[in-house]
Amino acid sequence: MQPIYLDHAATSFPKPPTVGARMQEYVDRIGASVNRGSYAAAQQAGLTVLQLRQRLCELFAFHSVPHVVLTPGNTWGLNLLLLGALRPGDHCLVSAVEHNAIMRPLVQLTHRGVTFDRIPCDSTGRLLVEWIEPLLRDNTRLVLLTHASNVSGALNDVQEVGKMCHRYEIPFALDAAQTAGHVPIDFAALGLSALSVPGHKGLLGPQGIGALLLRPDFAETLEPVICGGTGSASDSEDVPAYFPDRLEPGTPNLPGVFGWEAALAYLQKTTVHAVQAHDRILSQRFLNGLRDLPGVNLIGPDTAENRVGVFSLDFPGKDNAEVAAMLEERFGILTRCGLHCAPSAHRTLGTFPRGTVRLSFGWYTTEQEVDRALEAVVAISAK
């Protein structure tokens, strides 16, 4: 029985064939670092880094290549953002369904005098935008939200949030872990000050790399969190004042850069709009199969238009962990069970502490695989 991988919310698999090929090419034939040498291999590596930044600009309608900061992943980028932007006495707004990549650094900051409030969400996990204004304070310095919940798949109306933040002159940042590569994102149209993305999910790249896109004026307000050698301004022990060097110390993950650049080239050729249309077809097919099915509860929106292809299921009267194990052992369906590093989301959705069984789709998921997953869910829910 061929396993069916339905854990794309954690990481996409498989990758486009060019990803591994380009990573191997770097390791086997190039090997040089960037900003540390002027020989041909180092220049080739530097050019690929630049091409990666340019592709990210094109993908997200962003217009400042130097302010595309490459990171070791989305969690790293969110930490750079929170720890760099918020100071004692500042206040931050987040949603009630945030991932621990946001909540853990934010809770750490409360020990240094930062405060925050959670914007309520509805029963599907979607942000209640009308609650933002009442929660704003004179010292609110940042609104940071997930674009879509990694538990319920609910897609937030971030365009309205961007307009509100612009009206109040408050920086607005977006965690696009579940939407980058799945949903078109226009940095300027959304009124963003910052956008953090992982390379390894919908953007189809390898693990261990991500990016933080920063509006230039907002970038100037961030304090560097990690400092060290950059290969630039080596005559000074001060952190460089210019970007991206200011927030990119140390040797970058160059195999990851080569792999991710190849992944983005593939995605640009495929187009995010095509991926979104594919996601909606699969999502609607899955929702239709779940409709009125006894013995299983869908946690999240029940329409394909208000969500991404991330589905949490609860099996009343059963242990969800045992259900996930059964899906793999009996049917070859690979899912993720538990709290998904988002306890706040599960509290909001009423599934804490038992968690849910999460199935999530990607570009390489087929309709036949969705049907097999549905058959498995039907078989288990009937017992």
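In strand β13, Leu-359 is the bridge partner of Phe-311. Helices (H or I, at least four residues) and strands (E, at least two) are DSSP runs, numbered from the N terminus. The model is predicted, so local features need pLDDT of at least 70 and side-chain atom pairs count only at pLDDT 80 or more, while totals for chains, interfaces and linings use all residues. Residues are numbered from 1 along each chain as its sequence is written, and side-chain values use heavy atoms, with hydrogens and water left out.

**The four-stranded sheet**

Strand β10 (residues 310-314) pairs with strand β13 (residues 356-360) in the antiparallel sense over 4 bridges; two strands pair if DSSP finds at least two bridges between them. These strands belong to an open sheet of 4 strands with the order β9-β10-β13-β12 and antiparallel pairing. β9 (297-299) and β12 (336-338) stand at the edges with a single partner strand each, so one side of each has no neighbour in the sheet. From one strand to the next the twist averages 30°. Angles run from 0 to 180 degrees between N-to-C directions, and axes are lines fitted to C-alpha atoms, for helices over the stretch in contact. Helix α10 (residues 320-331) packs on this sheet and touches β10, β12 and β13, where contact means heavy atoms within 4.5 Å. The direction of α10 makes about 40° with that of β13.

**The seven-stranded sheet**

Another open sheet has 7 strands in the order β2-β8-β7-β6-β5-β3-β4, with mixed pairing. Its edge strands, β2 (68-71) and β4 (115-119), each pair on one side only. Neighbouring strands are turned by 20° against each other on average, direction ignored. Strands β3 (residues 91-95) and β5 (residues 140-146) run parallel and are joined by 3 bridges; His-91 has Thr-140 in β5 as its bridge partner.

| α10 (residues 320-331) | β10, β12 and β13 | about 40° to β13 |

Which residues of α4 are buried? They are Asn-100, Ala-101, Ile-102, Met-103, Pro-105, Leu-106 and Leu-109, buried meaning under 20% relative accessible area, exposed over 50% and partly exposed in between (1.4 Å probe, protein chains only). The buried residues of α4 pack against α3, β3, β4, β5, β6 and α11 (343-349).

The axes of α3 (residues 74-85) and α4 (residues 100-110) come within 9 Å and cross at roughly 30°. That makes α3 roughly parallel to α4; angles under 35 degrees count as roughly parallel, over 145 as roughly antiparallel, 65 to 115 as roughly perpendicular and the rest as oblique. On the α3 side, Thr-75, Leu-78, Asn-79, Leu-82 and Leu-83 meet Ala-101, Ile-102, Pro-105, Leu-106 and Leu-109 of α4. The residues of this contact divide into 8 nonpolar, 2 polar and no charged. Here Ala, Val, Leu, Ile, Met, Phe, Trp, Tyr, Cys and Pro count as nonpolar, Asp, Glu, Lys and Arg as charged, and the others, Gly among them, as polar.

**Ala-32**

Ala-32 is found in the loop between α1 (17-30) and α2 (40-59). Ala-32 is buried, with a relative accessible area of 7%. Leaving aside neighbours within four places in sequence, Ala-32 is in contact with Tyr-26, Tyr-39, Ala-41, Ala-42, Ala-45 and Leu-254. Ala-32 and Gly-46 are 14 residues apart in sequence, with a C-alpha to C-alpha distance of 9.2 Å.
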